[in-house]
2 protein chains.
Amino acid sequence: MGEGLRERTRRAVRAEIAEVAIGLFVRQGFDNTTVEDIAQAAGMTKRSFFRYFATKEDVVFDGVDLTGEKVVADIAARPAEEGPWECLQHVLGAWQEEIHASEQVLATLRLIEATPALVGRLHQRRTEWRRRVSDALQGRPGVDIDAYTADLLTNAATAVLDAVSSEWVRSDGKAKRSALLEQGFRQLHVDPNLRQA
Amino acid sequence: MGEGLRERTRRAVRAEIAEVAIGLFVRQGFDNTTVEDIAQAAGMTKRSFFRYFATKEDVVFDGVDLTGEKVVADIAARPAEEGPWECLQHVLGAWQEEIHASEQVLATLRLIEATPALVGRLHQRRTEWRRRVSDALQGRPGVDIDAYTADLLTNAATAVLDAVSSEWVRSDGKAKRSALLEQGFRQLHVDPNLRQA
DNA sequence: CTGGTATCTGTCACTCGGTGACACTATAGA
DNA sequence: TCTATAGTGTCACCGAGTGACAGATACCAG
């Protein structure tokens with residue numbers, strides 16, 4: 001019907017692997033957990049695990065890393081008279097709202113912060129994504145900005161995002177992320193006149 | 001005399017490994033080059049390679065990644081009446097000046113940008129280093145800022161650094177990094193009143 | 001219901017990054 | 001010259017990830 005049972009089961013299996021794996025990671029550490037441990041706990045082979053996730057790290061970002069296409073699309077959809085910085089603030093603010101502040105997410109973020117390999121992988125993905133955001137920012141109708149400025153603002157926006165995430169974890173999930181984000185974007189005031197030689 | 005011949009030869013060997021390795025990486029790609037390739041080209045065993053570099057990635061950052069202790073020390077040494085943002089600008093500007101704009105550095109940066117694994121490793125190191133910078137910023141006598149603001153400014157400063165690096169590579173090393181850095185720090189104007197509930 | 005086809009799975013074998021242990025050699029320093 | 005120390009090769013090993021093959025399973029036609 002409409003969208004296939006196979007895909008549904010596949011996503012269900014993915015979700016269960018992720019849940020089992022993160023449980024193991026939190027309990028005994030990322031490095032002390034082998035893929036075979038995960039596969040066995042999920043009732044499958046090591047080979048089958050890699051048919052659902054390309055790397056051992058990716059299983060962690062399954063529920064978080066929605067570094068979405070939607071953000072890129074939303075940027076293009078913002079009104080043309082809006083400045084690039086406000087555009088980023090609105091789009092990323094809306095994106096952040098969608099990540100529900102569950103205990104699961106908090107545990108995952110803690111796990112990432114405590115595991116260098118995961119930090120690396122996260123920023124690796126972020127970098128690819130950032131390039132697309134920067135391009136979207138440049139391609140926006142109305143204002144035209146050079147590549148350097150687009151990169152600068154995009155990097156700065158993710159800098160705010162990272163700081164918000166850190167502070168949120170530091171407060172055990174009690175801080176209001178939207179307030180932190182707004183504060184961060186306000187403190188990094190962007191000079192409106194983007195003139196240059 | 002005074003500082004040992006052994007250390008000198010060790011550093012020389014390190015440098016030669018790095019040179020040989022980067023040459024291979026540039027010619028045939030990072031992923032298509034095995035550690036045994038490097039070791040053989042440098043006249044040693046795989047095992048000996050790992051006695052000089054902890055990972056295959058680290059060999060690339062040998063000449064670049066001086067994410068130094070000096071930066072952290074310099075932050076503490078800045079005059080107390082200086083704001084945190086200006087402090088970061090001065091220290092990182094001085095740090096950046098020390099990286100001579102050689103063709104070798106340019107090729108290395110290109111290599112990093114083209115290789116996801118290297119991007120990940122770079123940001124992984126950056127993250128550890130950033131934590132220390134943020135702590136140094138908080139520990140500065142005179143002004144006291146909260147952890148969130150310190151993280152925010154530190155992240156933003158590295159955001160500028162990354163944008164400068166990208167633009168510099170994009171211009172084939174012809175752009176003036178100091179000018180870009182100054183422009184970046186100026187455009188991200190930090191609100192001087194850091195008041196909060 | 002039946003057959004064909006695409007998909008999922010386990011098994012095996014393999015590559016590559018990285019590590020521990022051991023024996024051997026060269027060197028620094030008394 | 002003798003001894004402690006550091007560097008080296010060899011070997012065996014682990015874990016992440018991949019390619020190939022064969023068997024099972026589910027979808028969809030007729």
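Two strands count as paired if DSSP finds at least two bridges between them. With that in mind, and remembering that this is a predicted model, select Leu188(A): its bridge partner in S1(B) is Val190(B). Now widen the selection to both strands. S1(A) and S1(B), residues 188–190 of chain B, pair in the antiparallel sense over 3 bridges.

Next, show both protein chains. Here 38 residues of chain A are in contact with 37 residues of chain B. About 3,000 Å² is buried between the two chains, with carbon and sulfur atoms giving 58% of that area. On the chain A side, pick Tyr148(A), Leu152(A) and Gln187(A), which lose the most area to chain B.

Which residue forms a salt bridge with Asp151(A)? Select Arg170(B): the closest N and O atoms of this pair are 2.5 Å apart. The count between chain A and chain B is 2 salt bridges. Then colour helix H9 of chain A (147–170); H9(A) provides 16 residues, the largest share of the side that touches chain B.

Our last stop is the DNA. Select DNA strand C and the 21 residues around it; among those that come nearest are Thr45(A) and Arg47(B). Move on to Arg47(B), which has a polar side-chain atom 2.9 Å from a base oxygen. Lys46(B) also has a side-chain N or O atom 3.0 Å from a base oxygen. Finally, highlight H3(B), which gives 4 residues, the largest share of the surface near DNA strand C.

Notes. Residues are numbered from 1 along each chain as its sequence is written. Chains are lettered from A and ligands numbered from 1 in the order in which they are written. This is a predicted model: local features need pLDDT of at least 70, side-chain atom pairs count only at pLDDT 80 or more; totals for chains, interfaces and linings use all residues. Side-chain values use heavy atoms; hydrogens and water are left out. A residue is near a molecule or strand if one of its heavy atoms lies within 4 Å of it. A polar contact is a pair of N or O atoms within 3.5 Å; within protein, one must be able to donate a hydrogen and the other to accept it, and residues adjacent in sequence count only if both atoms are side-chain atoms. Helices (H or I, at least four residues) and strands (E, at least two) are DSSP runs, numbered from the N terminus. Contact means heavy atoms within 4.5 Å. Buried area is the accessible area (1.4 Å probe) that two parts lose on being put together, summed over both. A salt bridge is a side-chain nitrogen of Lys or Arg within 4 Å of a carboxyl oxygen of Asp or Glu.
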